[in-house]
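Reader: I would like a close look at the aromatic pairs in this model, with the cut-offs behind each term stated, and then a word on the charged side chains.

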Amino acid sequence: MNIGPDKGKFITEIIAERKPEVMIELGGYVGYSAILFGDAVRRAGGKRYYSLELNPEYAAIANMLLDLAGLRDFVRIIVGRSDLSLHKLFDSGEVKQVEVLFIDHYKPAYTTDLKLCEQLGKIVPEVSVVIADNVLYPGNPPYLEYVRSTVEQKREAAKKGPERTYNREGIPDRTVQSFLGADATPQFDIIGNPNLIYESKLVKPETTRVSRIL
Ligand SMILES: C[S@@+](CC[C@H](N)C(=O)[O-])C[C@H]1O[C@@H](n2cnc3c(N)ncnc32)[C@H](O)[C@@H]1O
């Protein structure tokens with residue numbers, strides 16, 4: 001359920017290189033990634049780590065662990081749906097732009113939440129880095145397709161007008177059923193910004209399997 005040390009190392013290296021003032025994660029669970037990446041952002045001279053978590057019980061556990069880790073004043077956990085929390089963070093001026101965004105929550109919301117950041121003008125060329133977990137396994141074809149689309153393809157798709165649904169095509173059922181559930185819809189009209197061009201890189205984590213016991 002949590003990001004784990006291998007993928008975690010890859011992301012802490014990005015944090016050390018980009019030195020974001022502010023980093024946001026979507027999906028905090030009980031705080032593993034918030035502690036690992038919050039510490040990395042603080043060590044890189046940053047000001048704040050926001051962890052957006054739906055479940056208040058997970059958030060309470062994460063807050064206790066953040067306390068033990070000495071990060072309670074640095075990491076702010078925001079309880080609620082990520083789309084509502086993102087909108088509030090941007091609307092209040094608390095977060096001015098996306099520097100590093102780590103997406104690790106309800107799989108169908110990966111694309112709509114990214115598009116929400118885009119349409120609010122918070123994805124900034126040369127500044128924003130977006131890292132999404134589990135796009136290969138369990139898999140998130142709509143997200144991969146979106147970040148790999150050309151501007152022309154996105155402009156064509158945008159002609160259909162704003163969306164108020166999640167595209168769940170190709171996302172395994174069990175992940176669609178979890179968290180928000182199969183009937184959930186985004187809380188905003190989603191249009192994105194088709195004019196943004198992403199440089200998308202797929203990083204496959206190195207896996208080690210036990211093949212035999214001597
Ligand atoms: C895979 S876990 C996150 C693991 C965490 N990033 C880590 O590495 O330690 C996914 C989390 O996303 C939360 N979540 C699911 N949908 C959400 C939503 N729409 N908004 C905010 N959090 C959500 C779940 O409650 C769950 O705790």
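Author: What follows takes the aromatic pairs, then the charged side chains.

This is a predicted model, in which local features need pLDDT of at least 70 and side-chain atom pairs count only at pLDDT 80 or more, while totals for chains, interfaces and linings use all residues. Residues are numbered from 1 along each chain as its sequence is written, and side-chain values use heavy atoms, with hydrogens and water left out.

The structure holds 4 aromatic pairs, where rings of Phe, Tyr and Trp (its six-membered ring) pair if their centres lie within 6.5 Å, and planes under 30 degrees apart count as stacked, over 60 as edge-to-face and the rest as tilted. One of them joins phenylalanine 37 and phenylalanine 102 in an edge-to-face arrangement, with 5.3 Å from centre to centre and 90 degrees between the planes. This pair links distant parts of the chain, since phenylalanine 37 lies in helix α2 (residues 32–43) and phenylalanine 102 in strand β4 (residues 100–103), 65 residues apart; here helices (H or I, at least four residues) and strands (E, at least two) are DSSP runs, numbered from the N terminus. Both phenylalanine 37 and phenylalanine 102 are buried, a word that means under 20% relative accessible area, with exposed over 50% and partly exposed in between (1.4 Å probe, protein chains only).

Tyrosine 110 and tyrosine 143 form another edge-to-face pair, 5.8 Å centre to centre with 85 degrees between the planes. It, too, links distant parts of the chain: tyrosine 110 belongs to helix α5 (residues 109–119) and tyrosine 143 to helix α7 (residues 141–148), 33 residues apart. Tyrosine 110 is buried because its relative accessible area is 0%, and tyrosine 143 counts as buried because its relative accessibility is 6%.

A ring also meets a charge: the charged end of lysine 154 sits over the ring of tyrosine 146, 5.2 Å from its centre, the criterion being NZ of Lys or CZ of Arg within 6 Å of the ring centre and within 35 degrees of the ring normal.

As for charged partners, the structure holds 10 salt bridges, each a side-chain nitrogen of Lys or Arg within 4 Å of a carboxyl oxygen of Asp or Glu. Among them, aspartate 83 pairs with arginine 81, the closest N and O atoms being 2.9 Å apart; aspartate 83 counts as buried because its relative accessibility is 4%, and arginine 81 counts as buried at 17%. Another joins lysine 159 and glutamate 156, with 3.1 Å between the closest N and O atoms; lysine 159 counts as exposed at 65% relative accessibility, whereas glutamate 156 is partly exposed at 48%.
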